[in-house]
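Work through the exercises below with the sequence and the coordinates open. Each task is followed by a solution in steps.

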Amino acid sequence: MSLMTALIILVTVLVTTFISGIFGMAGGIIFMGVLAALLPVATAMIVHGTIQIFSNGYRAFLWRAHINWTIFGRYALGSLVAVGLLFALSWRPDHQTVYLMLGLTTTLVWLPKSIVDLDIQKRFQAEGAGFVVQALNTVAGVAGPLLDLFFVRTDMTRHQIVATKAVTQVLAHFVKVVFWSVPVIMAAGAGALPPAWLIIAAIPLSMLGTTLGGKVLERMTDVNFKKGMKYLVTAIGAVMLMKAAGWL
C-alpha cells in the first residue's frame, strides 16, 4: 500500500465518521466506495470492517445510555442465521457488483410505507433486520440504508436510533471482517492482511470524526435528522450506480 493511498484512506475516515456521527449512517457507504476504488475487494472489506468496528463502537459508547438492548438482542438472533448461511455459500462479489449493490440499497429509503411497512420495534422485524442487514453488509460491505428503513418510521428519538444502530453495526462489521479474512489467511497467510499501522492510525481519526459529528447531532431536531438521512443516502447511491455502470 502506497503512502498516498494510506493518506487518502485516513482523510476519508475522518470525513465519513463525521457524517456517520451525525446520521448514524451514510459515512460507511462513502468509505466503502473509496476503498473499493483503491484496494482489492477483500482488502477493502477487511479495512472497512475493522475501522467501522472502532467507529461504531465508539459511537455506541458515546450514546450508550440510549441503546435499546432488547432490539439489539433480537437483531443478533437474525444475524446469526445469516452468518451460517453466508459461510455455507462462500460467495464473494467483484468490484462492479459491490458498487451495484451499494447503489441499489440506497434506493430502499424511498419505498412508501404502503409497500413496505418496516419498524424494528414491531414483532419479528428486528430478527428480520438482523438477517437481511447482516447478509448484505457482509457481501456488499455496508447496509446502512437498509438498516435505516427499519428505524426511520419508529417513534425512537434520534439519539436512540444512532446508538442502537451503532451497536448492531459493531456486530455486522465484525462478522464481515471474519468472513473476508479467513480465505485471505488460508490462501496467503496473515501477512496478506492490511497493515496494522493503518488501522492504528485510523482509530483516533474515527473517534475525532464521531465526536465532532455528535456535536452537530445535538443541534438537530428529530424531523430534520430523518429527512436529512434520506436525501444524503440518495445522493450517495446515485454515485455508486454511476460507478457500477462505468460512468465514473
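**Exercise 1. Ala 166**

Task: State which helix holds Ala 166, whether Ala 166 is buried or exposed, and which residues Ala 166 touches beyond four places in sequence.

Solution. The model is a predicted one.
- Step 1: Ala 166 belongs to helix H8.
- Step 2: The relative accessibility of Ala 166 is 1%, so Ala 166 counts as buried; the cut-off is under 20%.
- Step 3: Leaving out residues up to four places away in sequence, Ala 166 touches Asn 56, Arg 59 and Ala 60.
- Step 4: Ala 166 and Ile 120 are 46 residues apart along the chain, and their C-alpha atoms are separated by 14 Å.

**Exercise 2. Confidence**

Task: Find which helix has the lowest confidence and which has the highest.

Solution. 
- Step 1: For the protein, the average pLDDT is 85, and 96% of the residues score at least 70.
- Step 2: Confidence is lowest in helix H10 (residues 222–244), with a mean of 76.
- Step 3: Confidence is highest in helix H4 (residues 69–89), where the mean is 92.

**Exercise 3. The nonpolar core**

Task: For the largest nonpolar core, name the residues with the most contacts inside it and the helix that gives the largest share.

Solution. 
- Step 1: The largest nonpolar core has 68 residues, and Ile 120 and Phe 225 have the most contacts inside it.
- Step 2: Helix H8 (residues 158–188) supplies the largest share of this core, 9 residues.
- Step 3: Setting aside residues up to four places away in sequence, Phe 225 touches Ile 22, Phe 23, Arg 158, Ile 161, Val 162, Leu 217 and Met 220.

**Exercise 4. Helix H4**

Task: Check the span of H4 against its number of residues, then describe its start and what follows it.

Solution. 
- Step 1: H4 has 21 residues, which at 1.5 Å a residue should span 30 Å. The end C-alpha atoms of H4 are 30 Å apart, so the two values agree.
- Step 2: At the start of H4, a side-chain oxygen of Asn 68 comes within 3.2 Å of the backbone nitrogen of Thr 70.
- Step 3: Ser 90 follows H4 and has a positive phi, near 55 degrees.
- Step 4: The buried residues of H4 include Arg 74, Tyr 75, Ser 79, Ala 82, Val 83 and Leu 86.

**Exercise 5. Gln 134**

Task: Decide whether Gln 134 is buried or exposed, and list its contacts beyond four places in sequence.

Solution. 
- Step 1: Gln 134 lies in helix H6 (residues 125–140).
- Step 2: Its relative accessibility is 0%, so Gln 134 counts as buried.
- Step 3: Apart from neighbours within four places in sequence, Gln 134 is in contact with Tyr 75, Ser 79, Ala 82, Val 83, Leu 86, Ala 129, Leu 171, Ala 172 and Val 175.
- Step 4: Tyr 75, Ser 79, Ala 82, Val 83 and Leu 86 are among the buried residues of H4.

**Exercise 6. Helix H9**

Task: Check the span of H9, locate its bend, and assign Thr 210, Thr 211 and Arg 219 as buried, partly exposed or exposed.

Solution. 
- Step 1: The 24 residues of H9 (residues 196–219) should span 34 Å at 1.5 Å a residue; the end C-alpha atoms are 36 Å apart, which agrees.
- Step 2: The bend of about 25 degrees is at Ile 203, and Pro 204 follows within four residues.
- Step 3: Thr 210 has 2% relative accessibility and therefore counts as buried. Beyond four places in sequence, Thr 210 touches Thr 17, Phe 18, Gly 21, Ser 55, Tyr 58, Arg 59 and Leu 62.
- Step 4: Thr 211 has 27% relative accessibility and therefore counts as partly exposed. A polar side-chain atom of Thr 211 lies 2.8 Å from the backbone oxygen of Met 207.
- Step 5: Arg 219 is exposed, with a relative accessible area of 76%.

**Exercise 7. Phe 124**

Solution. 
- Step 1: Most residues other than glycine have a negative phi.
- Step 2: With a relative accessible area of 58%, Phe 124 is exposed.

Terms used. Residues numbered from 1 in each chain as written. Predicted model: local features only at pLDDT ≥ 70, side-chain atom pairs only at ≥ 80, totals over all residues. Heavy atoms only, no water. pLDDT = per-residue confidence, 0-100. Helix = DSSP H or I, 4+ residues; strand = E, 2+ residues; numbered from the N terminus. Expected span 1.5 Å × (residues − 1). Bend = angle between axes of the 7 residues up to and from the residue. Core = buried A, V, L, I, M, F, W, Y, C linked by side-chain atoms within 4.5 Å. Buried < 20%, exposed > 50% of the residue type's maximum accessible area, 1.4 Å probe, protein only. Contact = heavy atoms within 4.5 Å. Polar contact = N/O pair within 3.5 Å; in protein donor to acceptor, adjacent residues only side chain to side chain.
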